[in-house]
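Trainee: Before I use these labels in group meeting, I'd like to know what stands behind them. Can we go through a few together?

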Amino acid sequence: MCGILGIVGNTDVAAQLYDGLTVLQHRGQDAAGIATADGGKLRVHKGNGLVSDVFDEDSMQLLQGKFGIAHCRYPTAGSEGSDEAQPFYVNSPYGIALAHNGNLINTDKLRREVFEQDRRNVNTESDSEVMLNVFAHELDTQKSLTPEAVFRAIEGVNRRCIGGYAVVVSVLGLGLVAFRDPHGIRPLVLGKRTKNGTDEYAVASESVALDLLGFERMRDVGPGECIIITARGELFTKQTAEPQEHTPCIFEYVYFARPDSMMDNISVHKARMRMGQKLGEKILRLRPDHDIDTVIPIPDTSRDAALEIANVLGVKYREGFIKNRYVGRTFIMPGQGQRTKSVRRKLNPIPLEFKNRVVLLVDDSIVRGTTSQQIVQMAREAGARKVYLASAAPPVRYPNVYGIDMPSAEELVAHGRTDEEVQQLLGCDWLIYQDLEDLEDAVSGPKHHLEHFDSSCFNGEYVTGIEDGYFDRIKQLRSDEAKKTRRAS
């Protein structure tokens, strides 16, 4: 999962791209980068680390230009070296920089095509660099640089690239290009503001970046839609792929997105509140005479759900863990050893809220289970009489292939296990999961903005289809053991 941002303005945009990245930092802590267009030059600065680590005063002064793109990354199927930081750049045709959120599932095939047919070299393991070269080739065949030529090039990209993707591109001599996969799996939001009587535009993974920068959220970029904003501020849009069933990634609402964001016209905050209401109602159905004294969220993402569970159950809501703000999100850390060490550095219990109580801990989801196991043990050590654990999401039983680094199936705690077996492994007195139907209803909301989602990590149904052998290949790339081997070499 990554964060992307693109801006077309009337003055230099580097500082705004930097600010926007800071509120998308939760989407990736591995690397960050900015590319700006200044006349006939594309200026790129990127590197490993947090946004604040990658950029300093000198690098920001070099990033001149009135339109540009930005990216913050966490690794999925690629390697973890500094050469994987985005945006990627090619000089032909015209000069193009690209940043991508998502994952292509036919990267190997595309890589061969790019080399053998398009006569282009891909220098990293990143599917984003593959996509950049596919786009560059398709644009080169158009023999012109107009919005219509770019739309035709994106049509070619959509024909060749399979997976989940939201993309921002800077093209010298034209402006900003943004597009989304035909299923709309990965999010992309369009915003507009008017300064000194002139319109300026931005696109971002989440609306919170638009809010910070003073852009009004216009709408979401549609599935299979391409948007072009020229350097002069002209807006062009076109459907460049046959629209498929709209299936945004439901895990965005469960975990990744900030609660103050709007994506696909759905409030993340309200979706999580409804998750809590649904789960609270399930608890009452299963145990109408429950003995829960206190509901405690595992910060931060589960707070909205936990508060609603407490309201439904009619019990106290309490903050029982203090979070160290200077430790990153453990789910997106690259190795299990690093994740394990980080849990106790990240959270510390308040014994007063646990001593002699039956506590219901609420988390947004349970993926590998090691974090949950440690937190349950912390609650016991803090004096809890019983520890129940509720997940606002169903059991994660299958890998995600569209841009979330969920490991090979064997590393998922719920894969091949019953709820009772998972409960025993985690060491809690009762484990309760959200039902998938309730989760999808909660995200869709009473107005039913969306009827279907990419819920593949819960139900194993992949909207693009999966070719034979794909899961074996991503196991070799994504498993903690594979990452450990790559780092050692």
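Predicted model: local features only at pLDDT ≥ 70, side-chain atom pairs only at ≥ 80, totals over all residues.

Trainee: Why is the contact between glutamate 113 and lysine 109 called a salt bridge?

Mentor: Check the distance. The cut-off is 4 Å from a side-chain nitrogen of Lys or Arg to a carboxyl oxygen of Asp or Glu. Here the N to O distance is 2.6 Å, so the pair qualifies.

Trainee: And where do glutamate 113 and lysine 109 lie?

Mentor: Both are in helix α4, residues 107–116. They sit four residues apart, about one turn of the helix.

Trainee: What makes glutamate 113 buried or exposed?

Mentor: Buried means under 20% relative accessible area. Glutamate 113 has 13%, so it counts as buried. Lysine 109 has 42%, which falls between the 20% and 50% limits, so we call it partly exposed.

Trainee: Which network does that pair belong to?

Mentor: Salt bridges with shared partners join Lys109, Glu113, Asp118, Glu138 and Arg160 into one network.

Trainee: How do you know that arginine 219 forms a salt bridge with glutamate 225?

Mentor: Their closest N and O atoms are 2.8 Å apart, and that is within 4 Å, so the label holds. As for burial, glutamate 225 has a relative accessible area of 9%, so it is buried. Arginine 219, at 30%, is partly exposed.

Trainee: Why does the pair of arginine 318 and glutamate 353 count as a salt bridge?

Mentor: The closest N and O atoms are 3.8 Å apart. The limit is 4 Å, so this pair counts too. It links distant parts of the chain, with the two residues 35 apart. Arginine 318 is in the loop between β17 and β18, and glutamate 353 in the loop between β19 and β20.

Trainee: How many salt bridges turn up in the whole structure?

Mentor: The search finds 28.

Technical notes: Residues numbered from 1 in each chain as written. Heavy atoms only, no water. Buried < 20%, exposed > 50% of the residue type's maximum accessible area, 1.4 Å probe, protein only.
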